[in-house]
Amino acid sequence: MPKFDPAKFKKVSVSLPFGIGSAEWEADPTERRAAWSLYVELVTRIAVQPLEVDQGLLREALTSLYNLFGVTRQVLKEAGPDVGASHDSVGGIAIAVLNNGLRPFLAKWHPLLQTWEAQRPPHLSPKEHEQNWSEEPKLREELEKLRSDLKQYANALAEIVGVER
């Protein structure tokens with residue numbers, strides 16, 4: 001006996017970050033599969049997991065966020081045009097999150113951190129050098145705000161997929 005799929009053609013209504021607003025539509029199986037792939041990528045990265053002050057490297061966090069571009073592109077290309085590019089589609093939402101949320105954050109912080117990293121003396125570890133950066137607390141603060149917004153996005157994907165949170 002086949003399993004009942006409660007999210008198949010389920011009408012969903014989601015609230016989205018980065019000024020995207022909200023969307024409502026019936027998610028079809030193609031959108032649902034794409035949403036699942038994107039959800040898994042988000043919830044297993046620093047994108048939605050907290051980065052405590054004494055943990056991790058900011059460079060690794062930025063790299064993980066940057067890698068979401070390639071992953072998202074691949075998921076959307078593999079899913080094809082059925083995931084859509086409109087506001088009320090998984091594809092459109094994913095593209096808006098990249099362009100309205102991740103891109104501005106990374107465009108600001110990547111070059112600033114890169115400039116600081118280039119000044120690291122050989123006797124300091126990358127972690128120690130990051131902690132000496134005057135902008136480190138601000139980057140962590142903005143990373144936490146971004147994480148909160150990406151968590152809202154992950155929650156929207158969970159709603160589309162039918163994942164209980």
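Visitor: In this structure, are Trp109 and Trp133 buried or exposed?

Guide: In this predicted model, Trp109 and Trp133 are both buried. Buried means under 20% relative accessible area.

Visitor: What makes Phe69 buried?

Guide: Phe69 has a relative accessible area of 5%.

Visitor: Why does Tyr66 count as exposed?

Guide: Tyr66 has 54% relative accessibility. Exposed means over 50%, so Tyr66 falls in that class.

Visitor: Why is the pair of Tyr66 and Phe69 called tilted?

Guide: The ring centres of Tyr66 and Phe69 are 6.3 Å apart, and a pair needs centres within 6.5 Å. Their planes stand at 40 degrees. Stacked needs under 30 degrees and edge-to-face over 60, so this pair is tilted. Tyr66 and Phe69 are three residues apart in helix α2, about one helical turn.

Visitor: What makes the pair of Trp109 and Trp133 edge-to-face?

Guide: The angle between the planes of Trp109 and Trp133 is 90 degrees, with 6.0 Å from centre to centre. Edge-to-face applies over 60 degrees. Trp109 lies in helix α3 and Trp133 in the loop between α4 and α5, 24 residues apart, and the pair links distant parts of the chain. Ring pairs also bring Trp116 into a cluster with Trp109 and Trp133.

Visitor: How do you know that α2 and α3 are roughly antiparallel?

Guide: Helix α2 (residues 58–79) and helix α3 (residues 90–117) pack at an angle of about 150 degrees. Angles over 145 count as roughly antiparallel, and therefore α2 and α3 do. Their contact has 15 nonpolar, four polar and three charged residues.

Conventions:
Residues are numbered from 1 along each chain as its sequence is written. This is a predicted model: local features need pLDDT of at least 70, side-chain atom pairs count only at pLDDT 80 or more; totals for chains, interfaces and linings use all residues. Side-chain values use heavy atoms; hydrogens and water are left out. Axes are lines fitted to C-alpha atoms, for helices over the stretch in contact, and angles run from 0 to 180 degrees between N-to-C directions. Helices (H or I, at least four residues) and strands (E, at least two) are DSSP runs, numbered from the N terminus. Angles under 35 degrees count as roughly parallel, over 145 as roughly antiparallel, 65 to 115 as roughly perpendicular and the rest as oblique. Ala, Val, Leu, Ile, Met, Phe, Trp, Tyr, Cys and Pro count as nonpolar, Asp, Glu, Lys and Arg as charged, and the others, Gly among them, as polar. Buried means under 20% relative accessible area, exposed over 50%, partly exposed in between (1.4 Å probe, protein chains only).
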